[in-house]
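Thanks for making time. I will take one structure and go through some of its packing, then stop.

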Amino acid sequence: MTLCALGPLTNLGMAFVKGPDIVGRVKEIVLMGGGLFEGGNITPAAEFNIYVDPEAADVVFHSGVPITMVPLDVTHTMLTTKPRIAKFRALGNKTGVATAEMLEFFERFDEQKYGWEGGPLHDPCVIAYLLKPSLFKGRHVNVAIETHSELTRGMTVVDYWGVTGRAKNCNYLRSGDSDGFYNLLFERLATLA
């Protein structure tokens with residue numbers, strides 16, 4: 001099975017520790033978390049999902065299960081601009097209107113925090129990757145999780161340039177087609193009531 005992790009990896013890490021036979025049944029993990037080029041969003045070095053339980057993330061990244069990581073480097077490029085929100089509203093269904101209203105409400109925080117023209121969509125990128133992987137580009141790298149440092153606890157230490165020689169354990173997504181991502185969302189949400 002494919003597991004989509006949209007939050008901290010506590011449950012998954014605990015399952016792997018308590019029931020190691022589970023690991024062999026997992027085909028892949030696609031997770032939203034971490035960052036390299038964008039840094040962190042909860043500390044200068046750490047993204048929230050990894051920061052709140054780096055020990056669990058460490059277990060998952062050492063599990064041997066194929067991992068695709070959708071980091072802040074990607075999600076911070078998937079901004080909910082005013083024209084995109086207007087397009088959700090114009091879908092002609094209640095889902096489009098509800099989506100537009102939710103996005104207008106939540107994006108205010110990110111606009112103030114980062115000074116951007118909209119807020120990023122983090123978790124939907126995981127599902128979009130599974131539906132249409134061609135929207136994203138990345139490479140296989142080694143990712144280690146910092147569990148001890150006071151300054152960098154929860155940091156995803158991404159060996160993007162291959163300088164450590166450590167075994168590659170992650171398909172690290174580095175970029176995405178934001179127009180294609182939103183077109184996929186518009187297409188799918190247009191089919192709902």
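In which hand, left or right, does α5 cross α8? The crossing is right-handed. Keep in mind throughout that this is a predicted model.

Let me stay with that helix pair. The axes of α5 and α8 are 10 Å apart, and the packing angle is about 15 degrees. The cut-off for roughly parallel is under 35 degrees, so α5 counts as roughly parallel to α8.

Now the residues at this contact. From α5 we have Arg 84, Lys 87 and Phe 88. On the α8 side they meet Ser 178, Asp 179, Tyr 182, Asn 183, Leu 185, Phe 186 and Leu 189.

Next, aromatic pairs. Searching the whole structure gives eight of them. One is Phe 88 with Tyr 182: the ring centres are 6.2 Å apart and the planes stand at 65 degrees, so this pair is edge-to-face. Phe 88 belongs to helix α5, residues 82-89, and Tyr 182 to helix α8, residues 178-189, so the pair ties together parts of the chain 94 residues apart in sequence. Are these two residues buried or exposed? Both Phe 88 and Tyr 182 are buried.

Tyr 182 and Phe 186 are four residues apart in α8, which means about one helical turn between them. As for burial, Tyr 182 has a relative accessibility of 1%, and Phe 186 has a relative accessible area of 6%. The cut-off for buried is under 20%, so Tyr 182 qualifies, and so does Phe 186.

Moving on to another group of rings. Which residues are linked by ring pairs into a cluster? They are Phe 37, Tyr 160, Trp 161 and Tyr 172. Phe 37 also has a charge over its ring: the charged end of Arg 174 sits there, 3.7 Å from the ring centre.

Last, back to α5, and to Arg 89, which lies in that helix. Its relative accessibility is 33%, so Arg 89 counts as partly exposed. Leaving out residues up to four places away in sequence, Arg 89 touches Gly 96, Val 97, Ala 100, Glu 101 and Glu 104. For a sense of distance, take Met 14, which is 75 residues from Arg 89 along the chain. The C-alpha atoms of Arg 89 and Met 14 are separated by 41 Å.

That is what I have for today.

Note on methods
Residues numbered from 1 in each chain as written. Predicted model: local features only at pLDDT ≥ 70, side-chain atom pairs only at ≥ 80, totals over all residues. Heavy atoms only, no water. Phe/Tyr/Trp six-rings, centres within 6.5 Å; stacked < 30°, edge-to-face > 60°. Helix = DSSP H or I, 4+ residues; strand = E, 2+ residues; numbered from the N terminus. Buried < 20%, exposed > 50% of the residue type's maximum accessible area, 1.4 Å probe, protein only. Lys NZ or Arg CZ within 6 Å of the ring centre and 35° of its normal. Axes fitted to C-alpha atoms, helices over the stretch in contact; angles between N-to-C directions. Parallel < 35°, antiparallel > 145°, perpendicular 65-115°, else oblique. Left-handed = near helix turned anticlockwise from the far one by under 90°. Contact = heavy atoms within 4.5 Å.
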